[in-house]
Amino acid sequence: QVQLVESGGGLVQPGGSLTHSCAASGAMFSRHAMAWFRQAPGKADEFVATISRNGGRLDYADSVKGRFTISRDDGKKTVTLQMDNLKPEDTALYSCAARHTILTAPNSRASQDYAYWGRGTQVTVST
């Protein structure tokens with residue numbers, strides 16, 4: 001079992017930055033691939049970014065590539081999403097998710113592959 005708690009959401013102006021963190025508790029964090037998803041009002045869940053177990057493989061949605069950076073610290077059991085050059089269309093509830101995988105498992109963008117979820121925190125990009 002892995003419990004996930006996000007922090008770092010808030011209100012920011014277009015072009016600004018936010019650092020979104022997810023703290024995990026429970027066993028074997030290092031054996032889980034981690035991801036961020038977001039959901040805007042009235043829209044379906046959208047994949048944002050994922051990082052493999054050892055941090056060696058990253059994948060980003062085209063909409064955030066070049067602006068967002070995902071990273072992990074297995075010693076601290078945290079995964080971080082650095083969001084730069086934010087746009088109004090980035091406004092959403094951001095949730096982190098975890099899935100237990102083997103070391104060589106390919107990245108997954110499918111929310112149904114992730115068994116553990118945080119409750120999410122709101123990011124609003126507006127003037």
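**Salt bridges and burial**

At 30% relative accessibility, E46 counts as partly exposed, and the side chain of E46 meets that of R38 in a salt bridge (2.8 Å, N to O). A salt bridge here is a side-chain nitrogen of Lys or Arg within 4 Å of a carboxyl oxygen of Asp or Glu. Buried means under 20% relative accessible area, exposed over 50%, and partly exposed in between (1.4 Å probe, protein chains only).

The model is predicted: local features need pLDDT of at least 70, side-chain atom pairs count only at pLDDT 80 or more, and totals for chains, interfaces and linings use all residues. Residues are numbered from 1 along each chain as its sequence is written, and side-chain values use heavy atoms, with hydrogens and water left out.

**The network**
- R38, the partner of E46, is buried at 5% relative accessibility.
- R67 and D90 form another salt bridge, with the closest N and O atoms 2.7 Å apart.
- This pair ties together parts that are 23 residues apart in sequence, because R67 lies in the loop between β6 (58–60) and β7 (68–73) and D90 in the loop between β8 (78–83) and β9 (92–100).
- Strands are DSSP runs (E, at least two residues), numbered from the N terminus.
- R67 and D90 are both buried.
- A network of salt bridges links R38, E46, R67 and D90.

**The K65–D62 pair**
- K65 and D62 join their side chains in a salt bridge (3.4 Å, N to O).
- K65 is partly exposed, at 48% relative accessible area, and D62 is exposed, at 62%.

**Total**
- The whole structure contains six salt bridges.

Key. Helices (H or I, at least four residues) and strands (E, at least two) are DSSP runs, numbered from the N terminus.
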